[in-house]
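Hello,

Here is the structure I promised to pass on. Please open it first, then read my notes below.

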Amino acid sequence: MNSAPLKLKPAAQELVAALHRQLRTRWEALDAPNQPAPATPPDYRAAALPNDLKSRRVELIVEASDLKALDAALNSDADALVLDFDDTFTPTRANVETAYAAVETAANSDKPILARPRALYAVEEHLDFGGPAIAALCDLGVILAARPETPMHIYIPKLETEQEAQLWEDALALAETHLGLEKNAIKVCVQIETYTACLHADALLYALHGRAFGLNAGRWDYVFSLTKRVGAQRGAMPPRNDLTMDLDAMRAYAEALVRVCEARGAQAIGGSAAVAPNAQNPQPTLDAVRADKVREAAQGYVAAWAGLPMLLDSVRGAFGNETSQPLPAETAERTLERLLDLPAPCPLPLNVVQDSIGLALAVFEAWYHGRGVVVRNGRIEDTATAELARAQLWQWVKCEAELEGGDKLTADRYLSERRALADDDTAQVRLLDHLVLAPICPEYFPHAAQLLQPQEATV
């Protein structure tokens, strides 16, 4: 660190320090690619739903350092709020300071609050606890210390392995002991937003089942993870616009979560409605959001996220009207077959490649300037969609995907198209080129950005 560490409030400082003392060695030993598949869990039931969430149908996600959005959210009619330190958050020093102060504001609200700390891969460069601070533990400590008597609920992001789930479980148990809380007083919802987590959702829920009341779907993070795993083993992955929830491979993902929830008495929480309606003609977008959430409700989901207050009614109205029918049983082998049954590779339109480059650059530029979200072509784009865009570009270059017209998307052709959109001398361009041209797809871009351009990534 090049400057004095952030100052945490004493209660948060003590809790975060305790978590690091107990868990740093295990965090350093996390090694997702080499973990064995978890064993089939014994029979179990998920935790009971917290009372303050029993009637909620829509949760409004708010970037943790966006004070204006937080104020609007607290004064909205959202059933609950998601205070987000993950996909919509850029961890500049100023943002972390603002977000940690905003946790106090959220803690004083009567609204149900679910906070999403950063994922386990991330480090917090502005704090030090015997080494680089573990961002997830820093966020968690601040969130829990802000209201220890009635702790905020926690969304657990980007799990890959049972080892990671157990680390979260132990962190939460340690926090309860430190704060003098009863066992399992802190309730959580587990996000299933990686390919590995989808395959092992039952085992991940079991690792946290004393406190976990549900599973949450994150479709773009999931497709990003799937793209990394598929790699160059096949031809071009379908573009984002072709990976709709009407595709059977995507339905298989959505249904896999619901089957676990049905079997274990947990709630299935749908994905985020992340669109920005046209102010002059919002109804088509609102109708599309409603239709998407009606589909989720029919599958067995009971609530979902909204990315903007104006989407609340459309999301809420899709849930709670009818009881969905249980999904038919399906073997794990059949689910795996469906998950990987993606459309056959087709020639890519050049404008799809160009749009993916433009999307990634737009989000990366905003990220370097401290903004985690951009609105682009009517969509709310954030880390998750930028990760998907750059991973698909990597995959298309790696397999030299065929373009419409017969050309191949080679590394040189990618560079030619990227240079038509942006010069070589910006941080966001250097980051995208590094990610797209890497021999192996880098896991998460914020981590790569900190290594590549630390002076720009942490202003």
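**Salt bridges and rings**

Arg118 has a relative accessibility of 5%, so the residue counts as buried. Please keep in mind that this is a predicted model.

Arg118 has a partner. Its side chain meets that of Glu124 in a salt bridge, at 2.8 Å from N to O. Glu124 is buried as well, with a relative accessible area of 2%.

The count for the structure comes to 43 salt bridges. Another one joins Asp87 and Arg116, whose closest N and O atoms are 3.8 Å apart. Asp87 sits in the loop between strand E2 (80-84) and helix H3 (93-107), and Arg116 in strand E3 (residues 113-116), so the pair ties together parts that are 29 residues apart in sequence. Asp87 is buried at 4% relative accessible area. Arg116 is buried too, at 2% relative accessibility. Both belong to a network of salt bridges that also takes in Asp84, Asp86, Lys158 and Asp221.

Now look at Arg240. It forms a salt bridge with Glu381, with the closest N and O atoms 3.0 Å apart. This pair links distant parts of the chain: Arg240 is in the loop between H8 and H9, while Glu381 is in strand E12 (residues 379-381), 141 residues away. Arg240 is buried, at 12% relative accessible area. Glu381 is buried at 2% relative accessibility. Arg240 also lies over the face of Trp220, at 5.0 Å from the ring centre. Lys228 takes up such a place over Tyr444, at 4.4 Å from the ring centre.

On to the rings. There are ten aromatic pairs. One of them is Tyr222 with Tyr253: the ring centres are 4.0 Å apart and the planes lie at 10°, under the 30 degrees limit, so the pair is stacked. Tyr222 lies in helix H8 (residues 219-230) and Tyr253 in helix H9 (residues 248-264), so the pair ties together parts 31 residues apart in sequence. Both Tyr222 and Tyr253 are buried. Elsewhere, ring pairs join Phe364, Trp367, Tyr368 and Phe445 into a cluster.

Last, the surface. Leu199, Leu336 and Leu340 make up a nonpolar patch there, with about 230 Å² of accessible area together. Leu199 belongs to helix H6 (residues 195-199). Its relative accessibility is 38%, so Leu199 counts as partly exposed.

Best wishes

Technical notes:
Residues numbered from 1 in each chain as written. Predicted model: local features only at pLDDT ≥ 70, side-chain atom pairs only at ≥ 80, totals over all residues. Heavy atoms only, no water. Phe/Tyr/Trp six-rings, centres within 6.5 Å; stacked < 30°, edge-to-face > 60°. Helix = DSSP H or I, 4+ residues; strand = E, 2+ residues; numbered from the N terminus. Buried < 20%, exposed > 50% of the residue type's maximum accessible area, 1.4 Å probe, protein only. Lys NZ or Arg CZ within 6 Å of the ring centre and 35° of its normal. Patch = residues over 30% accessible without salt bridge, like charges linked within 9 Å, V, L, I, M, F, W, Y side chains within 5 Å. Areas by Shrake-Rupley, 256 points an atom, 1.4 Å probe, with all protein chains shown as cover. Salt bridge = Lys/Arg side-chain N within 4 Å of Asp/Glu carboxyl O.
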